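Hi,

Here's the structure I said I'd pass along. Have a look, and my notes follow below.

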Amino acid sequence: MPGTLVALVGGGLALLNISIDQVSNPRLRTGPHLRRWRRLSAEVEARRAGGTS
């Protein structure tokens, strides 16, 4: 029982670490929202370059 609990807590912390890495490091962003993220980033950069807000 204690070994199972330790394994579950360790696995949960590992998954949390992976999630935080994906959020904080743009090179690791994956999944279905990647295309949307890139499109929105491109729109923001276009607005900055064009001088409009």
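One cut-off before the notes: a residue counts as exposed when its relative accessible area is over 50%, as buried when that value is under 20%, and as partly exposed in between. Keep in mind that this is a predicted model.

With that in hand, take Leu 13, which sits in helix H1 (residues 2-24). Its relative accessibility is 53%, so Leu 13 counts as exposed. Leu 13 also belongs to a nonpolar surface patch of about 490 Å², together with Leu 5, Val 9, Leu 16 and Ile 20.

Zooming out, the chain has 2 helices and 0 strands. Burial is quick to report: of the 53 residues, 0% count as buried. The accessible surface of the chain is about 5,000 Å², and carbon and sulfur atoms account for 63% of that.

Now the charged side. Side chains of opposite charge can pair when their charged atoms come close. How many salt bridges are there here? The count comes to 1. The partners are Glu 45 and Arg 48, whose closest N and O atoms are 3.2 Å apart. Both residues lie in helix H2 (residues 34-50), 3 residues apart, which is about one turn of the helix.

Are these two partners buried or exposed? Arg 48 has a relative accessible area of 62%, so it is exposed. Glu 45 comes in at 47% relative accessibility and therefore counts as partly exposed.

Cheers

Notes: Residues numbered from 1 in each chain as written. Predicted model: local features only at pLDDT ≥ 70, side-chain atom pairs only at ≥ 80, totals over all residues. Heavy atoms only, no water. Helix = DSSP H or I, 4+ residues; strand = E, 2+ residues; numbered from the N terminus. Buried < 20%, exposed > 50% of the residue type's maximum accessible area, 1.4 Å probe, protein only. Areas by Shrake-Rupley, 256 points an atom, 1.4 Å probe, with all protein chains shown as cover. Patch = residues over 30% accessible without salt bridge, like charges linked within 9 Å, V, L, I, M, F, W, Y side chains within 5 Å. Salt bridge = Lys/Arg side-chain N within 4 Å of Asp/Glu carboxyl O.
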